[in-house]
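Work through the exercises below with the model open. Each task is followed by its solution.

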Amino acid sequence: MENKAIIPFLVTMMLVTGVCNTLLNKYQDMQCVRNCDSPNPKDHRHFEQPVIQTIQMFIGEMGCWLVVLMSYIYNRHIASRLPQNQSPLLAGGYRPVNTADGDEEDHTVEDSDFNNDPSKPPRLPDGRIRLQGLRTFLLAAPSCCDIAGTTLMNVGLLFVAASIYQMTRGALVLFVGLFSVLFLHRKLYLYQWLALFVVVLGVALVGLAGALFDNGKNHDIDQESVVATITLAARELRNAAETPEAVKAVFGVVLIAAAQIFTASQFVLEEWILENYAMDPLQVVGWEGIFGFSVTVIGSIILYLTVGQTEAGRYGYFDAKEGWRQVLTHRAVAISSMMIMISIGGFNFFGLSVTRSVSATSRSTIDTCRTLFIWLVSLGLGWESFKWLQVAGFALLVYGTFLFNDIIRPPLKACLPSGLREREVLLPEEPIEHN
């Protein structure tokens, strides 16, 4: 009961840290760092350092080791002294997922007891191998995918509103589904393919909303007739093709959508690794933070020496020296950097805690709510204007994601596999357990 009582806190903190992370990244992009005294706003130059923002994310992920360390200290030195029925926040919010069979018992049986063949690595009771030693470098592969995906998304965020950025990330479910079929040999049913099509349509509408309507206009088309609405959209489309801002918006959406290919590759690689190797998920995040940070820092140094310090690359994405100077000399950028690190670390911790305490499906549902909150906060701050086309795209994204994750039932029973059709009448009578 103590663990159930803390679930609302975990869910709330996951939402808060997730919303803050996206908004803080956008806020950082909006900070003027050069020519700020010029009376002409077009001369102002804002913080545009997606590589540094990627490094910030990995530093936040490395913060997961603090939770692992605190958990170790608690279990080693404090837990044995507490009453057996006492369950403090740390124990309820994070408990290492048992890598043997999923239960909470402390298995003390040696690995060698389950594999007597000395020529093969020792295996756990569930057939997996402990992910330790040199095998830990397997996590460098999803880390590299994370580097590419995060950096592309950070570049895309420079050109689109925070809500469009978050909604376009909904294309992730499409690539995860496709890669699961191609590489993990998963089977998708007809309703899941339908859900992927709906997600693609939703992303297309969100991207179209970003291209047609800039943030400085508030297009009130709810009282227009259908013909007038279509005419307005056609006129805006013709005008958009001639304006650089529309081109930038489309470019940003394309970059963010393309980044989901790398993020999906990361998820599929992580799933394959954790199917064959055993490690606590929070430690997985921590190791990926170490690998990602190391590779990104080395890569940024190489890119600075080859591109960033040239005349053409000065003040660009690869000018690491100028980027870190901007971080250290501009208070708003420095403070937002610290808050981004804290928020991404907190989001990983609370997200894994929600997965542990409730379910992965519930976490994906909560993450969809995060998109809604980002949108509402952006509207409240005046960072963007209300767009009906974006509402339609978001609705399709939510419906497609929920349908794919089996949160809602497909509209036609014929889309269901035969086994689920037979069990459908029994579902309401079955108890729902989250632990």
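**Exercise 1.** Classify tryptophan 388 by its accessibility.

Solution. Tryptophan 388 has a relative accessible area of 39%. Buried means under 20%, exposed over 50%, and partly exposed in between, with a 1.4 Å probe and protein chains only. Tryptophan 388 is therefore partly exposed.

The model is predicted: local features need pLDDT of at least 70, side-chain atom pairs count only at pLDDT 80 or more, and totals for chains, interfaces and linings use all residues. Residues are numbered from 1 along each chain as its sequence is written, and side-chain values use heavy atoms, without hydrogens and water.

**Exercise 2.** Count the aromatic pairs in the whole structure, then describe the one formed by phenylalanine 9 and phenylalanine 350.

Solution. The search finds 13 aromatic pairs. Rings of Phe, Tyr and Trp (its six-membered ring) pair if their centres lie within 6.5 Å; planes under 30 degrees apart are stacked, over 60 edge-to-face, the rest tilted. For phenylalanine 9 and phenylalanine 350, the centres are 6.0 Å apart and the planes stand at 80°, so the pair is edge-to-face. Phenylalanine 9 is partly exposed at 36% relative accessibility. Phenylalanine 350 is buried at 11%.

**Exercise 3.** Describe the ring pair of phenylalanine 386 and tryptophan 388.

Solution. The centres are 5.0 Å apart. The planes make 90°, and the pair is edge-to-face. Phenylalanine 386 is partly exposed, with 31% relative accessible area.

**Exercise 4.** Which residues do ring pairs link into a cluster?

Solution. The cluster holds Trp65, Phe137, Trp287 and Phe291.
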